[in-house]
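Welcome, and thanks for taking a look at this one. Please open the model and keep it in view while you read the briefing.

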Amino acid sequence: MRDVHKDQQLRHTPYSIRCDRRMKWHSEDEICITTWRKRKPPERKMRQNTQDGYTRNWFKVTIPNGIKYDKSWLMNSIQSHCSAPFTPVDFHYIQNRACFFIQDASTASVLKDVSYKICDDENRKICIFVNHSTAPYSVKNKLKPSQMEMLKLTMNKRYNVSQQALDLQNLRFDPDLMGRDIDIILNRRNCMAATLKIIERNFPELLSLNLCNNKLYQLDGLSDIIEKAPKVKTLNLSKNKLESAWELGKVKGLKLEELWLEGNPLCSTFSDQSAYVSAIRDCFPKLLRLDGRELSAPMIVDIDSSEIMKPCKENFTGSETLKHLVLQFLQQYYSIYDSGDRQGLLGAYHDEACFSLAIPFDAEDSAPNSLRKYFEDSRNMKTLKDPYLKGELLRHTKRDIVDSLSALPKTQHDLSSILVDMWCQTKWMLCFSVNGVFKEVEGQSQGSVLAFTRTFIATPGSSFSLCIVNDELFVRDASPQETQSAFSIPVSTLSSSSEPSLSQEQQEMVQAFSAQSGMKLEWSQKCLQDNEWNYTRAGQVFTMLQVRSGNQLTPGAPCPCS
Amino acid sequence: SFIQHCYQLFDKDRTQLGAIYIDASCLTWEGQQFQGKAATVEKLSSLPFQKIQYSLTAQDHQPTPHSCIISMVVDPIMGFHHMFLLKNTSDAWVCTNDAFRLALHNFG
């Protein structure tokens, strides 16, 4: 029966049968209530007291699968169900379980009752086990007052008042502490707890903490820093022994702006720099500098979740600003896409972006097929069995993408008839789909109208308003209906949502221009607008383009001045 | 794979579709948004068509940041276009977002 006290080791098995009544349980998350009442507590208590020499009882609280919950959420939820506040000691994780210790029997029974009362966001009840235990490590091995005093003096020396920075690099080997009956190994819970206690008392407004070179292989102990020194913005954990970025999750309550991690094994677990940066940023969204390097501006799109909840008849859902952002982006994107030179799109794509194209299955066999040109690039999984080709046709990196886009036939998209679906918005990315039609403007199938659905996943961008990370294009023949309704609205009305009404002078210019050039009024207006109402210049541009294209410009045709 | 599983479920027992969605999932059906697992399953279960003859003519997938996969499926016979964003959580794939557009008249 002693094995229950071999805690802090992996052997702790809350479910092992000590109860008189065996409770059926299906999985860790479901009904498991230990009925330790049926055991013989009084005897046990007495034995425990004499064993430890402590007059107070310690209890170990275990939450199976506790690892998947955010620590502060979990503790706050438990606390909110307790009538009296309690102080968890030595919170840590063993495999999937979250564990901590508490001190007295009344708290223990309150906590036991909280079991199965808290629901997580998957609507599963969280169960909580409470068992007798020896005192936690950090209590058993608490630093003596003399040691605490030594540590405090040493820390004071290492504190920079003006910068509110504490440098605890290589603390163990500090000359003041060496050879003096004190061994500050920060990996040990008692040492870390003592250090944090001193920080809490003496430097609660701490802004920067340097824990470089302390052989830290886990951050369980450090997680209390979130309560003790919540203002810390700079944390240096370089040259330690952290094996996985998951450890950082234990301190993610800190609103870090600068973090140093180089020299930890975890750094080499990432395939490349950007994977590393994005994993760290996941933990600390407000991070500005990592390992001394400035990071590009973080995106915080605060989308009111209530807006997403509203079912909407429109094509768009989401905030107005996002709507504008996407429309503006699409206008910019397609104006370059349709311009004949798609190299300008390099700025729209992320370095590591992916693009692929697919066309429907049966279209591949029929001849004369307007989609044939797309077939070569089509990455339809249904037809593509060759795994090598599959890899090839997924265009990766913005250079490859723009090159392959440039090889596709020249197009003109009808932006006035597009349907945009915004179907995913998170704080770092936006997913939206564009459904519409476009015309081929050169080559064999000139004039044929094709329909497309293009899905983009994008993050905020610099030269374009969005930076595309994924681009999936599906092209098919347009139905007769679609062909008819497409392009019925002249392009100039696209930007006419808030067109300022023309002045008298401008109206006269339009009339004159139209008469002189033979173009329709709308096109004349556009031409003049594009040339900032400089009549002469508009005329020159018009004539020049006429000559260049070698075509007779027919009235009503799109203005070449754009 | 996942897609076959998903459509099989759709055919047999739509209430079981809950397994591939999570509470944070969001479905966009023909422009309308349905937030959460319950709403999604409800909407999918309430669709009028019963068994569907699938002849998926196009499928495409791409990896996205944060180890998700974006998938696209098209079926001209039923006339739909379905996009999914799949995320791998604890060794199971769940669908965090999807968008569905019926395009019954769009295939010439």
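This is a predicted model: local features need pLDDT of at least 70, side-chain atom pairs count only at pLDDT 80 or more; totals for chains, interfaces and linings use all residues.

Chain A holds 17 helices and 20 strands. Of its 562 residues, 48% are buried. Taking contacts in chain A between residues at least 6 apart in sequence, 64% join residues at least 24 apart.

**The four-stranded sheet**

- Let's begin with the open sheet of four strands in chain A, whose order is 2-3-1-6 and whose pairing is antiparallel.
- Its edges are taken by strand 2 (89-94) and strand 6 (129-133) of chain A, and each of these pairs on one side only.
- From one strand to the next, the twist averages 25 degrees.
- Strand 2 of chain A runs antiparallel to strand 3 (residues 97-102) of chain A, and four bridges join the two.
- Within this pairing, you will find His92(A) opposite Cys99(A) of strand 3 of chain A.

**The seven-stranded sheet**

- Another open sheet in chain A is formed by seven strands in the order 7-8-9-10-11-12-13, and here the pairing is mixed.
- Strand 7 (159-160) and strand 13 (293-294) of chain A are at the edges; each has a single partner strand, so one side of each lacks a neighbour in the sheet.
- Strand 13 of chain A pairs with strand 12 (residues 289-290) of chain A over two bridges, in the antiparallel sense.
- Look for Arg289(A), which stands opposite Glu294(A) in strand 13 of chain A.

**Helices 5 and 6**

- The axes of helix 5 (residues 145-157) and helix 6 (residues 189-202) of chain A come within 10 Å and cross at roughly 60 degrees.
- That angle makes helix 5 of chain A oblique to helix 6 of chain A.
- The crossing of helix 5 and helix 6 of chain A is right-handed.
- On the side of helix 5 of chain A, the contact is made by Met148(A), Leu151(A), Lys152(A) and Met155(A).
- Helix 6 of chain A contributes Ala194(A), Thr195(A), Lys197(A), Ile198(A), Ile199(A) and Asn202(A) to this contact.
- Sorted by class, the contact of helix 5 with helix 6 of chain A has six nonpolar, two polar and two charged residues.

**Helices 15 and 16**

- Helix 15 (residues 504-517) and helix 16 (residues 521-530) of chain A have axes that come within 8 Å and cross at roughly 110 degrees.
- Helix 15 of chain A passes helix 16 of chain A in a right-handed crossing.
- From helix 15 of chain A, Met509(A), Val510(A), Gln511(A), Phe513(A), Ser514(A) and Ser517(A) meet Leu521(A), Ser524(A), Gln525(A), Cys527(A) and Leu528(A) of helix 16 of chain A.
- The residues in the contact of helix 15 with helix 16 of chain A divide into six nonpolar, five polar and no charged.

**A look at Leu405(A)**

- Leu405(A) lies in helix 13 (residues 398-407) of chain A.
- Its relative accessibility is 0%, so Leu405(A) counts as buried.
- Which residues does Leu405(A) contact, leaving aside its neighbours within four places in sequence? They are Tyr333(A), Tyr337(A), Arg342(A), Leu345(A), Tyr349(A), Phe355(A) and Arg454(A).
- Between Leu405(A) and Arg395(A), which are 10 residues apart in sequence, the C-alpha to C-alpha distance is 9.7 Å.

Methods. Residues are numbered from 1 along each chain as its sequence is written. Chains are lettered from A and ligands numbered from 1 in the order in which they are written. Side-chain values use heavy atoms; hydrogens and water are left out. Axes are lines fitted to C-alpha atoms, for helices over the stretch in contact, and angles run from 0 to 180 degrees between N-to-C directions. Angles under 35 degrees count as roughly parallel, over 145 as roughly antiparallel, 65 to 115 as roughly perpendicular and the rest as oblique. A crossing is left-handed if the near helix is turned anticlockwise from the far one by less than a right angle, and right-handed if clockwise. Contact means heavy atoms within 4.5 Å. Ala, Val, Leu, Ile, Met, Phe, Trp, Tyr, Cys and Pro count as nonpolar, Asp, Glu, Lys and Arg as charged, and the others, Gly among them, as polar. Two strands pair if DSSP finds at least two bridges between them. Buried means under 20% relative accessible area, exposed over 50%, partly exposed in between (1.4 Å probe, protein chains only).
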